[in-house]
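Please look at the sequence and the 3D structure before reading on.

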Amino acid sequence: MIAGMKNEPILVADIGGTNARFALASLVPGKSATDARSIEINDYAAFPCADFNNPHDLIHQYLENRKSSKIKAACLAVAGPVRGNGAYLTNLGWDIDGDQVKCDLALGNVVIANDFQALARSVTALDRKNLLRLHEADPVANPGPMAVMGPGTGFGLSQIFISHDAVSVVPTEGGHASFVPHGDLETAVWNEAHKSMGRITVETLMSGIGVLRIYRAICSLNGLTPLNYEPSTISQLALEASDQACVDTLSVFCSMLGGVAADVALTQGATGGVFLGGGILPKIAAFVEKSRLVESFLDKPPMEDFVAKIPVSLIVDPEAALVGAALLAADQA
């Protein structure tokens with residue numbers, strides 16, 4: 001138990017490019033602060049970011065009908081790069097200032113974190129039931145950093161280091177690194193996107209809007225007229241196997257993601273494991289599990305033996321980032 005925080009709820013939030021999720025987290029008895037049993041999530045609520053003008057309005061909306069007087073600390077995880085105790089939410093054009101939030105709410109401590117920093121911090125506290133293992137390997141035999149990444153409105157990426165009982169998370173902007181296609185089909189899709197986009201980053205294709213871009217490229221390559229689908233519609237039709245262009249789109253998407261994940265694992269030396277998450281993948285977990293994602297992950301000559309020893313898991317716990325935010329707040333206590 002973290003001294004001074006027992007029975008004092010922590011305001012936690014996961015503010016993405018599309019939705020914002022809030023909760024009150026409490027520390028309860030557990031083996032350690034990294035144990036899932038030491039975090040209790042209550043009063044969960046979600047809001048569409050498009051309904052608000054700034055993150056401060058979101059926070060006040062969540063707290064409006066809740067007894068906030070007992071809250072002493074907060075950790076707000078946001079989709080954007082963090083500078084000091086503030087951040088710019090890239091896909092919303094919002095700024096958030098931790099000191100302003102601290103003053104507005106009269107809190108003792110406010111932590112502003114990257115959303116994938118919070119998701120990564122949760123990894124050591126997740127039960128196996130909250131992880132879908134896509135590629136089995138023995139992480140005990142491969143100690144080292146872990147990589148946490150995934151597509152949503154954008155593409156998040158963080159790295160975790162565990163030393164004794166300490167956990168360190170390094171958020172990155174790896175989603176804005178250049179995307180490298182593998183194989184003829186991925187290259188053809190890349191070329192279609194490149195015609196109108198110029199430089200293609202990981203986030204260009206590995207995101208919600210990226211699903212739509214792949215769909216339009218697939219239609220163009222097959223002489224089809226793309227329909228006015230939302231990314232979520234494409235995913236749903238692919239899950240139902242009722243539209244072949246949508247099935248092909250999600251197949252390419254998963255294949256590309258496997259290649260990206262392996263590139264990250266090689267770059268970071270992530271022998272401790274690769275963890276996939278974000279707003280898209282848990283919703284299409286059944287498709288991901290049967291896709292070529294792992295095949296693409298393993299197709300990294302001459303380093304096939306290296307990546308084959310790295311476990312790959314999908315985080316399916318919808319509260320994972322909120323648990324991670326609570327742990328980040330506890331780390332600062």
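## Nonpolar cores

The largest nonpolar core has 54 residues, and those with the most contacts inside it are Leu134, Met149, Met206, Ile214, Val274, Leu276 and Phe297. Helix α8 (residues 244-268) gives the most to this core, 14 residues. Apart from this core lies another, of 26 residues, with Ala13, Ile59, Ala74 and Ala87 among them. A nonpolar core is a set of buried Ala, Val, Leu, Ile, Met, Phe, Trp, Tyr and Cys residues joined through side-chain atoms within 4.5 Å. Buried means under 20% relative accessible area, exposed over 50%, and partly exposed in between, with a 1.4 Å probe and protein chains only. Helices (H or I, at least four residues) and strands (E, at least two) are DSSP runs, numbered from the N terminus.

The model is predicted: local features need pLDDT of at least 70 and side-chain atom pairs count only at pLDDT 80 or more, while totals for chains, interfaces and linings use all residues. Residues are numbered from 1 along each chain as its sequence is written, and side-chain values use heavy atoms, with hydrogens and water left out.

Leaving out residues up to four places away in sequence, Val274 touches Ala147, Met149, Ala261, Ala265, Phe297, Ile310, Pro311, Val312 and Ser313. Contact means heavy atoms within 4.5 Å.

Leu11 lies in strand β1 (residues 10-15). Leu11 counts as buried because its relative accessibility is 0%. Beyond its neighbours within four places in sequence, Leu11 is in contact with residues including Phe22, Leu24, Ile59, Tyr62, Ala74 and Leu105. Between Leu11 and Gly273 there are 262 residues in sequence and 30 Å in space, C-alpha to C-alpha.

## The largest pocket

The largest pocket has a volume of about 1,100 Å³. Its lining is made up of 48 residues, of which Gly152, Thr153, Gly278, Gly279 and Ile280 lie nearest the centre. A pocket is an open set of points on a 1 Å grid over the protein atoms alone, with protein on both sides within 12 Å along at least five of seven lines; in a cavity, a 1.4 Å probe fits but cannot get out, and lining residues have an atom within 4 Å of a point. Grid points are joined across faces, edges and corners, and a volume is the space filled by probe spheres set on the points.

The largest share of this pocket's lining, five residues, comes from α7. By class, the lining has 18 nonpolar, 22 polar and eight charged residues. Ala, Val, Leu, Ile, Met, Phe, Trp, Tyr, Cys and Pro count as nonpolar, Asp, Glu, Lys and Arg as charged, and the others, Gly among them, as polar.

In helix α1 (residues 55-63), the buried residues include Pro55, His56, Leu58, Ile59, Tyr62 and Leu63. Seen down the helix axis, the buried residues of α1 fall within an arc of 155°, so they line one face; the arc is that of the directions from the axis to the C-beta atoms. These residues pack against β1, β2, β3 (39-48), β4 (73-78), β7 (94-97) and α2 (98-105).

There are two cavities of 30 Å³ or more. His56 is buried, with a relative accessible area of 12%.
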